[in-house]
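Welcome to this guided tour! Open your viewer, get ready to select a few residues, and follow along stop by stop.

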Amino acid sequence: MTLAPRQFVVLVLLILVIATSFVLLRSDVTRGSGPIASTNLNAEELIARGEYLVIAGNCASCHTTAGGEFMAGGLSFATPFGNLYSTNITPDPDTGIGEWDDWDFLNSMRHGVRPDGEHLYPAFPYTAFTKITNEDIAAMFAYLKQLPPVESTPPTNELSFPFNKRFLMGFWKALYFDQGEFELVEEESVEWNRGAYLVEGLAHCSACHTPRNSLGAELSSQSMSGGEYADRVGSGNYRPWAAPNITASQHGLGLWTQQALADYLKTARNDFLESFGPMNEVIMNSTRFLTEDDITAMTTYLKSLPA
């Protein structure tokens, strides 16, 4: 990978700063002696709730390879900094999350930290998942824990120096990571808030639909205005994909009715187009299974986004 002079200077400064303040830049973690959340659901109901939330988060699309075992990881992600591979999130004790407790899972989702204290790379979208409530995180973990364990170790990440140094993520987080649960907007409706929680949190739509800066952070000032990233085509090779503007812009969803957007998320087609490319996986593995109420909530929120 060839770095532009400006990018190289930024990286050198990052290394110098991190070298002198490593301890200060480690992400906060949460730890307790009891469960991360209380619930009135029995075990069966909690697992069913977790399955729905895992589907809403489209976890299978990133943690399952073509022809591979469900949630066993190993899917590659081509980034400007090198290739990353998704992790095994089955309950295998050696290669998956079988030895994790619910606090470990909470810290990965809320803070982007592994059980060993190392930072996770934000290809795992904890920048969005941080907004998920403790109750929903507990349900998701309950579902994942009862999956069949698969012994499978994903390939080692292939990141160029210095991006292969996880401790540098501490500085990245200090600059770009706003952690914490979703906060209700009191002046908005229950439906709007539910839609915001799904779009901004579980569904992590901004991960693809927001442009990023040279260090891979989302440009919040251009949220949902469209992004570009590398993804697989039918041959298995990678090519650039452009995720469209999904704000109310006339170049985005401005011409779509709320019903047209709902039809697209449920059926992959409407009067404007049929889904293609990476969005197919989002619809086929996630949004088509969501309840009508949740689809309506998401479309209500998306249609409210300023152009």
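Start by selecting Gly68, which counts as partly exposed because its relative accessibility is 33% (buried means under 20% relative accessible area, exposed over 50%, partly exposed in between, with a 1.4 Å probe and protein chains only). You will find Gly68 in the loop between helix 3 (59-63) and strand 1 (76-79). Helices here are DSSP runs of H or I with at least four residues, strands are runs of E with at least two, and both are numbered from the N terminus.

A word about what is on your screen: this is a predicted model, where local features need pLDDT of at least 70, side-chain atom pairs count only at pLDDT 80 or more, and totals for chains, interfaces and linings use all residues. Residues are numbered from 1 along each chain as its sequence is written, and side-chain values use heavy atoms, with hydrogens and water left out.

Next, select Ser76, which sits in strand 1. Is Ser76 buried or exposed? Ser76 has a relative accessible area of 18%, so it is buried. Now show its neighbours: leaving aside residues up to four places away in sequence, Ser76 touches Leu84, Tyr85, Arg232 and Tyr238 (contact means heavy atoms within 4.5 Å).

Now for a pair of helices. Select residues 102-111, helix 4, and residues 134-145, helix 6; their axes come within 10 Å and cross at roughly 120°. The axes are lines fitted to C-alpha atoms, for helices over the stretch in contact, and angles run from 0 to 180 degrees between N-to-C directions. Helix 4 and helix 6 are therefore oblique to each other (under 35 degrees is roughly parallel, over 145 roughly antiparallel, 65 to 115 roughly perpendicular, and the rest oblique).

Which residues of helix 4 and helix 6 meet? Show Asp102, Phe105, Leu106, Met109 and Arg110 in helix 4, which meet Asn134, Ile137, Met140, Phe141 and Leu144 in helix 6.

Finally, zoom out to the protein chain, which has 12 helices and five strands. Along its principal axes, the C-alpha trace spans about 55 × 50 × 45 Å. Buried residues make up 46% of the 307 residues. Among contacts between residues at least 6 apart in sequence, 63% join residues at least 24 apart.
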